[in-house]
Amino acid sequence: MNVTDSTLRPIDPIAEPPWETIAAIPIVDEGGALHPVSLAAPMLRTLPLYHALGVPGAVPECWAREAVYRRLLEVARHLPDGLGLVVLDAWRPYVVQRHLYDTLLEMVETRYADLDESDRRAMTRAFVSPPSERVDRPSPHLTGGAVDVALCDADGLLLDMGSAFDEARAASHTVHFEHHAGDADTRTYRDRRRILYHAMVDAGFANLPSEWWHYSYGDQMWAWYRGESCALFGPSGPDSLEARWRRSLGQDA
Ligand SMILES: C[C@@H](N)C(=O)N[C@H](C)C(=O)O
Ligand SMILES: [Zn+2]
């Protein structure tokens with residue numbers, strides 16, 4: 001596919017997520033397994049960045065639900081020629097979510113000591129979800145439905161999207177360069193975000209407006225943005241050897 005007017009159409013304003021409404025959306029999870037996205041290579045590239053950066057408890061694989069895996073492949077297959085999709089994170093264990101949230105919150109509290117606690121939590125939440133393993137309101141990445149993605153060139157080099165992955169600033173907001181595209185570089189960032197956004201949304205994902213890289217399918221945030229009455233995925237995790245043995249011994253008993 002080549003870059004067309006359609007892949008480059010502007011990104012409409014994205015509503016801010018109403019978190020309490022989102023957390024009240026029912027989850028009907030039929031319990032699908034998580035799949036290692038690295039098996040989709042060479043169509044889809046993975047770089048489990050939190051593991052590479054040494055975040056405690058981070059896993060060396062991007063695990064995702066089958067419906068997410070297949071949609072990511074669809075996106076990768078339909079990107080314009082010369083562009084690739086890179087998955088930087090997918091399923092995340094609770095300890096990692098906790099570490100990311102506590103680390104950013106502490107920095108926000110130091111930097112914005114003059115703000116109310118509720119404002120500091122809202123600023124943090126725009127870039128890291130509060131850690132939750134609750135079956136009725138899990139953090140998005142604990143479900144295997146949320147993914148952090150980026151674009152790369154044909155050689156696998158990550159493209160500059162105008163802010164780095166996980167940069168906690170306004171330039172990371174998905175539509176930022178819809179309003180700040182005054183020169184060739186910023187127009188390039190705007191166009192790359194448009195390409196990624198339309199490819200992901202056309203494949204069924206929903207975007208978190210504060211992060212150009214965060215998309216989800218099947219979690220509560222996705223259900224709200226896509227007008228679904230229920231979410232498909234609750235908290236999950238890769239099958240462990242211990243769980244497999246427990247199941248098999250239980251069956252044998
Ligand atoms: C931490 C960042 N990569 C991310 O995924 N943020 C969202 C808001 C989340 O933690 O759910
Ligand atoms: Zn994310």
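This is a predicted model: local features need pLDDT of at least 70, side-chain atom pairs count only at pLDDT 80 or more; totals for chains, interfaces and linings use all residues.
1. Zinc donors. The zinc ion (ligand 2) has three protein donor residues: H141 through NE2, D148 through OD and H214 through ND1, lying 2.0 Å from the ion. The site is tetrahedral, with angles of 92 to 120° among its 4 donor atoms.

2. Spacing in sequence. The donor residues follow the pattern H-x6-D-x65-H. D148 belongs to strand 5 (residues 146–153) and H214 to strand 7 (residues 214–216), so this pair ties together parts that are 66 residues apart in sequence.

3. An unreviewed UniProt entry places the feature "binding site" at H141, D148 and H214. These positions span 74 residues in sequence, yet no two of their C-alpha atoms are more than 9.8 Å apart, so they gather at one spot. H141, D148 and H214 are also part of the lining of the largest pocket.

4. D148. This residue, found in strand 5, has a relative accessible area of 1% and is therefore buried, the cut-off being under 20%. Leaving out residues up to four places away in sequence, D148 touches Y50, V86, V87, L88, D89, R92, H141, F165, W213 and H214.

5. H214. Located in strand 7, H214 is likewise buried, at 4% relative accessibility. Beyond its neighbours within four places in sequence, H214 is in contact with P140, H141, A146, V147, D148, A206, N207, L208 and M221. A polar contact of 3.2 Å joins the side chain of H214 to the side chain of H141.

6. S132. Apart from the zinc site, a note on a loop residue. S132 sits in the loop between helix 5 (117–125) and strand 5. Despite this loop position, S132 is buried, with a relative accessible area of 15%. Not counting residues up to four places away in sequence, S132 touches Y94, R137, P138, S139 and L142. S132 and P235 are 103 residues apart in sequence, while their C-alpha atoms are 9.0 Å apart in space.

Key:
Residues are numbered from 1 along each chain as its sequence is written. Chains are lettered from A and ligands numbered from 1 in the order in which they are written. Side-chain values use heavy atoms; hydrogens and water are left out. Donors are N, O and S atoms within 2.8 Å of the metal (3.2 Å for Na, K and Ca); water is not among the atoms, so sites may look incomplete. Four donors count as tetrahedral if all angles lie between 85 and 135 degrees; four count as square planar and six as octahedral if opposite donors are over 155 degrees apart and all others between 65 and 115; anything else is irregular. Helices (H or I, at least four residues) and strands (E, at least two) are DSSP runs, numbered from the N terminus. UniProt positions are given in the numbering used here, feature names are shortened, and annotations may be inferred rather than shown by experiment. On a 1 Å grid over the protein atoms alone, a cavity is a set of points where a 1.4 Å probe fits but cannot get out, and a pocket is an open set with protein on both sides within 12 Å along at least five of seven lines; lining residues have an atom within 4 Å of a point. Buried means under 20% relative accessible area, exposed over 50%, partly exposed in between (1.4 Å probe, protein chains only). Contact means heavy atoms within 4.5 Å. A polar contact is a pair of N or O atoms within 3.5 Å; within protein, one must be able to donate a hydrogen and the other to accept it, and residues adjacent in sequence count only if both atoms are side-chain atoms.
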